[in-house]
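Please open the structure in your viewer and follow the stops below in order.

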Amino acid sequence: MLLQVEIDEPRCVAAGHCVVAAPEVFDQRDDDGVVILLDANPPGDEHERVREAALLCPAAAILVRDRGGAP
Amino acid sequence: MPEPKVLPIAARAAGCPFDPAAALYESQKDDALQRVKVPSPLLGEFDAVAITRYEDVKSALSDDRLQMGFVFDPDQPRTMLNQPGNLLNYNGADHSRLRRMLTGAFTIKRVRSLRPMIEAIVEARLDALEEEGHGADLVTVFSTPIPTQVICELLGVPYEDRDDFQRRAKVGLDVNTTREEQIQNLKDMDAYMATLVAGHREQPGDNLLGGVVRDYGAELSDDELVGIGNMLLIAGHETTASMLSASAALLLENPDQATIMRDEPEAVDGAIEELLRYVAPATIMPRQAAEDFCLRDDEVIKQGERVVVSILVANRDAGSGDQDLDVLDVRRPPQPHVTFGYGAHQCLGQQLARMELRVALPALFKRFPGLRLAEPDQKIDYRTTALVFGVNRLPVAW
Ligand code: HEM
Ligand code: SF4
């Protein structure tokens with residue numbers, strides 16, 4: 001399964017939940033803490049953590065889309 | 001329509017200070033949103049829609065149409081609800097502009113780098129407890145100094161000044177004060193912070209306030225800098241201190257849970273989340289609807305209506321449904337909670353608060369494995385009437 005991750009940067013309130021939940025996929029900018037997307041198509045073993053991040057994000061700044069079956 | 005009843009939104013049950021009051025559970029069960037009267041020292045009693053279900057809290061607090069009910073108004077006297085620089089007095093673009101000047105200091109990376117400083121402060125307080133001996137008050141020797149010293153270090157506020165600013169913070173959060181007392185109290189806080197800000201204007205220090213002056217000083221007025229400093233100083237120590245005291249009290253009353261905190265390092269992060277969920281010491285500011293909007297598809301909140309949120313009872317309603325969320329279970333899989341709020345205003349300092357709790361609580365029970373209340377049959381003196389829930393005194397022995 002392919003996962004497409006997008007971030008809505010202006011919405012991000014730099015709460016950092018995404019970095020805790022999925023450190024391989026999200027980081028924060030040093031100067032203002034705003035989310036940095038490290039991997040827009042994370043591998044399968046990251047999917048659960050990415051979904052968790054999207055769920056925890058208080059600003060709904062993480063969008064996760066299923067891209068259907070195997071590539 | 002029946003006359004709305006008075007509903008203190010953080011009310012706790014008479015016999016058990018950790019349980020939400022029955023009226024809050026009733027409101028949660030109601031299929032219609034309840035309109036209630038909310039007592040408030042600053043505003044008198046006001047009418048508001050009460051939000052008590054977890055999912056409703058999340059949708060309401062992340063909806064841009066629901067705004068801070070009290071936006072800074074320069075023509076009104078300064079109060080905690082009317083202060084430039086305080087993030088809780090701003091909405092939308094004005095809010096995120098200010099917030100992003102501060103978020104860099106609270107990233108996961110930055111907070112992790114503070115761990116050694118926090119550990120050193122905690123160790124010193126454990127030594128102080130030991131020195132004080134049996135009967136020492138955990139609130140004054142441990143829970144209050146730790147977050148106070150941490151925020152002083154971070155902000156660059158002299159720790160020697162703590163007696164004055166702690167007293168002013170207490171007054172600021174005490175609901176049993178008059179509006180006049182609140183206005184005078186804020187004047188004193190502002191005067192104190194203004195001296196620190198003036199120092200940074202001259203020569204920006206190597207700390208959070210100094211950094212904000214250096215990076216954004218040209219865009220910010222002295223008034224705004226004073227407001228930012230006061231907000232961080234108060235928010236940074238009162239809530240965390242309360243959370244530490246209340247958690248310690250709760251663990252002393254539940255020794256099996258304290259043992260897990262002490263002996264299972266891998267359980268600590270989850271245990272802290274459970275304590276945060278269960279204790280829920282802080283409250284959410286009242287909001288106001290900027291336009292009509294719908295909650296639960298069919299419940300209309302009208303433009304201009306005020307809205308209050310109960311974190312306490314919403315935290316008992318979260319999760320998937322197979323868990324009894326009215327009991328404390330530090331080993332349960334982490335349950336979502338709104339102890340730090342939700343949406344654009346979700347707590348700026350939450351990662352710092354978590355770090356302080358994760359360092360301090362296990363260390364306390366490790367240093368004093370036999371920690372107990374000082375008196376047999378001691379009744380814990382909970383503070384249930386202030387804006388922030390906590391414990392007044394907690395004498396301990398070991
Ligand atoms: C366990 C400790 C803490 C709890 C329970 C707590 C709780 C909260 C809650 C519920 C809010 C949202 C209020 C609302 O939406 O009306 C909030 C906001 C805030 N908190 Fe905390 N807090 C804690 C610790 C801290 C610390 C350590 C700091 C600072 C160093 C801090 C700084 C702030 C600030 C600046 C805001 C306003 C954010 C904004 O409006 O964008 N808090 N906190
Ligand atoms: S969890 Fe959401 S708000 Fe927080 S840093 Fe990540 S994207 Fe931003």
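A polar contact is a pair of N or O atoms within 3.5 Å; within protein, one must be able to donate a hydrogen and the other to accept it, and residues adjacent in sequence count only if both atoms are side-chain atoms. The model is predicted, with local features requiring pLDDT of at least 70, side-chain atom pairs pLDDT 80 or more, and totals for chains, interfaces and linings using all residues. Residues are numbered from 1 along each chain as written, chains are lettered from A and ligands numbered from 1 in the order written, and side-chain values use heavy atoms, without hydrogens and water.

Select the interface of chain A and chain B, where 12 residue pairs are in polar contact, both at pLDDT 80 or more. Helix H1 (17-21) and strand S2 (26-28) of chain A each supply at least two residues to the side touching chain B (helices, H or I, of at least four residues and strands, E, of at least two are DSSP runs numbered from the N terminus).

Next, display A:Arg11 and B:Asp64, whose side chains form a salt bridge at 3.8 Å, N to O (a side-chain nitrogen of Lys or Arg within 4 Å of a carboxyl oxygen of Asp or Glu). The rule finds 2 salt bridges across this interface.

Then turn to chain B and its open sheet of 5 strands, ordered S1-S2-S8-S5-S3 with mixed pairing (two strands pair if DSSP finds at least two bridges between them). Strands S1 (34-38) and S3 (66-68) of chain B are at the edges with a single partner strand each, so one side of each lacks a neighbour in the sheet.

Finally, select S3(B) and strand S5 (residues 287-289) of chain B, which run antiparallel and are joined by 3 bridges. Here B:Met68 has B:Arg287 as its bridge partner in S5(B).
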